[in-house]
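Please keep the sequence and the model at hand while reading.

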Amino acid sequence: MALFNTLVIAGAPNDDIIIVLRCLDAMLTRRRKQVTLQRAMAFLKRLSTLSMHVMPNASVGILAANRATMHVSHLSHGAPSDGSSALSVELCRRSPLELFEDYSVKDMTFNPPVAPPAYKKKVGKILLIFSHVFILIVTFMLCVGCVTARLLLGGDHRKTEPDLCQETGDISLEKQVYSVSEHVQVMWNLVRRYKLQSQSSVSWASVWNCLALTLYNHLIFIFPLTVLNWYLRPVLLPLEAPPLPHLLAQVLVCLLLFDFQSFIWHLAHHKVPWLYRTFHKLHHTYTSTSALTAEYSGAWETLSLGLFAAANPLLLGCHPLTEMVFFIVNIWLSVEDHCGYDLPWATHRLIPFGLYGGSRHHDLHHLKSKYNYAPYFTHWDRLAGTLYMED
Ligand SMILES: [Zn+2]
Ligand SMILES: [Zn+2]
């Protein structure tokens with residue numbers, strides 16, 4: 001308390017600060033073994049408050065004393081030694097007293113002056129948003145959007161424009177305006193062309209069942225486990241995004257690992273009748289699938305496959321952004337598998353040599369049950385003799 005009072009009284013002239021900093025050095029730094037953690041914490045609290053009420057050079061000295069206290073009492077154990085706006089190594093080596101004496105209140109800078117902190121790390125944060133990955137995702141979304149628009153609207157024009165011209169010789173405004181229902185019908189017919197089981201349709205009952213089970217699984221199991229994961233494994237977001245080739249390679253390895261794990265899991269749950277009846281039969285309720293049936297499975301299936309997906313980025317030591325991209329791609333592919341449509345931009349059309357199965361592949365699994373156990377790629381089914389493809 002004597003020190004505290006001395007500091008308060010120190011005030012404007014700052015002359016007493018030299019004595020105070022020497023006392024702090026003698027009491028806290030040199031006699032480090034006699035300083036308890038509670039005592040160190042109490043000093044840190046008071047000194048931090050006081051650093052805001054004294055002259056700038058005294059602030060520098062007191063904050064440096066705080067830094068030394070944190071270091072000797074091991075309070076900074078595990079904390080990064082550098083960071084944005086951190087003092088340079090040369091300044092860090094100086095004692096609190098030296099820093100106090102080297103700081104000029106008149107010029108508000110060190111003597112000699114120190115260059116302001118570089119903004120390199122801030123650029124890193126911006127990089128995360130404007131990284132190649134972000135541009136890639138946006139480009140991909142734009143491509144899908146353009147292809148969809150062309151498919152849905154381009155086909156419409158080809159079909160209707162000549163008809164209009166033939167009927168009247170000129171295109172009147174009335175005939176160019178389509179009713180909303182007519183337009184939706186045309187789009188719907190275009191999309192239906194890509195339906196895998198054209199005779200089947202999605203009922204409202206199945207939509208409701210799928211949504212209810214998905215909501216139940218996510219509320220009862222996924223959400224509490226996610227909260228537990230956040231609690232046990234807090235994510236430390238790095239400032240820099242990973243290099244794009246590195247990210248893509250790790251996402252691919254994660255997908256290949258997940259494909260293998262799911263293949264083994266799936267094969268076992270079809271070959272062992274008890275496993276099929278107890279755990280997997282529910283997912284086979286619908287022989288014709290829709291996007292929502294991707295999540296139509298029991299707790300065991302949802303959690304075990306979810307565990308594979310969560311474990312792979314951890315095994316590979318992936319960057320959080322890579323992990324996030326893998327989850328998004330994995331969910332996208334899983335929904336695509338079950339969507340019931342073989343769309344022109346489907347993943348299996350982008351990957352050559354029939355290496356990827358996709359929606360056709362998985363639709364046949366729901367229809368025939370004895371084939372195509374791997375969710376995405378075809379190599380494991382090919383090796384196991386369980387691959388079934390229809391031309
Ligand atoms: Zn199955
Ligand atoms: Zn399925």
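Helix α10 is hardly covered, for the count of buried residues among its 13 residues is zero. The helix runs over residues 180–192. From its first C-alpha to its last, α10 reaches 18 Å, close to the 18 Å expected at 1.5 Å a residue.

## The chain as a whole

The model described here is predicted. The protein chain contains 18 helices and two strands. Of its 391 residues, 21% are buried. Among contacts between residues at least 6 apart in sequence, 64% join residues at least 24 apart.

Helix α2 has 14 residues, numbered 17–30. Its first and last C-alpha atoms are separated by 18 Å, close to the 20 Å expected at 1.5 Å a residue. The buried residues of α2 are I17, V20, L21, L24 and L28. In general, an α-helix has 3.6 residues a turn, so residues three or four places apart point the same way.

The axis of α2 comes within 10 Å of the axis of helix α4, which covers residues 56–72, and the two cross at roughly 0°. Because angles under 35 degrees count as roughly parallel, α2 is described as roughly parallel to α4. On the α2 side, the residues that meet α4 are I17, L21, L24, L28 and T29. Their partners in α4 are A58, G61, A65, A68, T69 and V72. Classed by type, the contact of α2 with α4 has eight nonpolar, three polar and no charged residues.

## Residue V72

V72 is found in helix α4.

Leaving aside residues up to four places away in sequence, V72 touches L28, T29 and R32. V72 and V35 are 37 residues apart in sequence, and their C-alpha atoms are 9.3 Å apart in space.

## Annotated transmembrane regions

An unreviewed UniProt entry carries the annotation "transmembrane region" for residues 126–153, 202–227 and 247–268. In the model, residues 202–227 are 92% helix and 0% strand, with end C-alpha atoms 34 Å apart. Residues 247–268 are 100% helix and 0% strand, and the end C-alpha atoms of this span lie 32 Å apart.

V253 lies in helix α12, which covers residues 244–271. With 16 other C-beta atoms within 10 Å, V253 is partly exposed. V253 and F326 are 73 residues apart in sequence, yet 9.7 Å apart in space, C-alpha to C-alpha.

F326 is one of the buried residues of α15. Just after α15, G340 takes a positive phi of about 80°.

Key:
Residues numbered from 1 in each chain as written. Chains lettered and ligands numbered in written order. Predicted model: local features only at pLDDT ≥ 70, side-chain atom pairs only at ≥ 80, totals over all residues. Helix = DSSP H or I, 4+ residues; strand = E, 2+ residues; numbered from the N terminus. Expected span 1.5 Å × (residues − 1). Buried ≥ 20, exposed ≤ 12 C-beta atoms within 10 Å, placed from the backbone. Axes fitted to C-alpha atoms, helices over the stretch in contact; angles between N-to-C directions. Parallel < 35°, antiparallel > 145°, perpendicular 65-115°, else oblique. Contact = placed C-beta atoms within 7 Å. Nonpolar A, V, L, I, M, F, W, Y, C, P; charged D, E, K, R; others polar. UniProt positions renumbered as here; feature names shortened; annotations may be inferred.
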